[in-house]
Amino acid sequence: MKSNVYILLMAAVLSACGKAEVVTFQDRSTVIKADRSTWTATASSEETTAEAAGASMLLDGKIATYWHSDYSVTNPPYPHWIRIDMKTAIKLVSIEITARQNNANAMTKFKLEGSTDGNTWSLMGDNLVFIGATKTAQSFPVSSSVTIRYLRLTALEGPVKNNFIAEIEAFAGK
């Protein structure tokens, strides 16, 4: 009885907040994994001199490979950003980020932004916590009220000067 009252109360609160829909992330029956086959990735910097760790590695489907910010030439400090062009607009509801498998010193905080044109960005999540020691995909729900073509992840801070990520997946509303 208490759980039914709680569900009704939450539905009323969400309705009053103007939320058009609610996505349940435990039950992925309301979402579909986006097809990444045509996507491209760019980054504020990438390591291509000391190792093959370019931004495209985020989309290769292999958790053993990874994007790494440059460390052999300029070694820039935070923030580090990654921009994904999904080539077509999707109604994004969640992203999953998989950490580099052999190094836990990844970013600890980041933000997510979305865009329809790659120039004007809308904040979808700020100061999100990432745990580099977690080797499975970490899920981050976003507002499902907008449709975007471009996704930008900006790493804000971490235990070392540079950053790295193995994979990024996106989930869209069905």
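Modeller: A residue is buried under 20% relative accessible area, exposed over 50%, and partly exposed in between (1.4 Å probe, protein chains only). This is a predicted model, where local features need pLDDT of at least 70, side-chain atom pairs count only at pLDDT 80 or more, and totals for chains, interfaces and linings use all residues. Residues are numbered from 1 along each chain as its sequence is written, and side-chain values use heavy atoms, with hydrogens and water left out.

Biologist: What is the relative accessible area of Asn75?

Modeller: Asn75 sits in the loop between S3 and S4. Its phi is near 50 degrees, a positive value in a residue other than glycine. Asn75 is partly exposed, and its relative accessible area is 23%.

Biologist: Which residue does a cis peptide bond join to Tyr78?

Modeller: Omega of this bond is about 5 degrees. Tyr78 is joined to Pro79.

Biologist: In which strand does Asn127 lie?

Modeller: Phi of Asn127 is near 55 degrees, positive in a residue other than glycine. Asn127 is partly exposed, at 45% relative accessible area. Its strand covers residues 122-129 and is S7.

Biologist: What percentage of the residues of the protein chain count as buried?

Modeller: The protein chain has 174 residues. Of these, the buried share is 40%.

Technical notes:
Helices (H or I, at least four residues) and strands (E, at least two) are DSSP runs, numbered from the N terminus.
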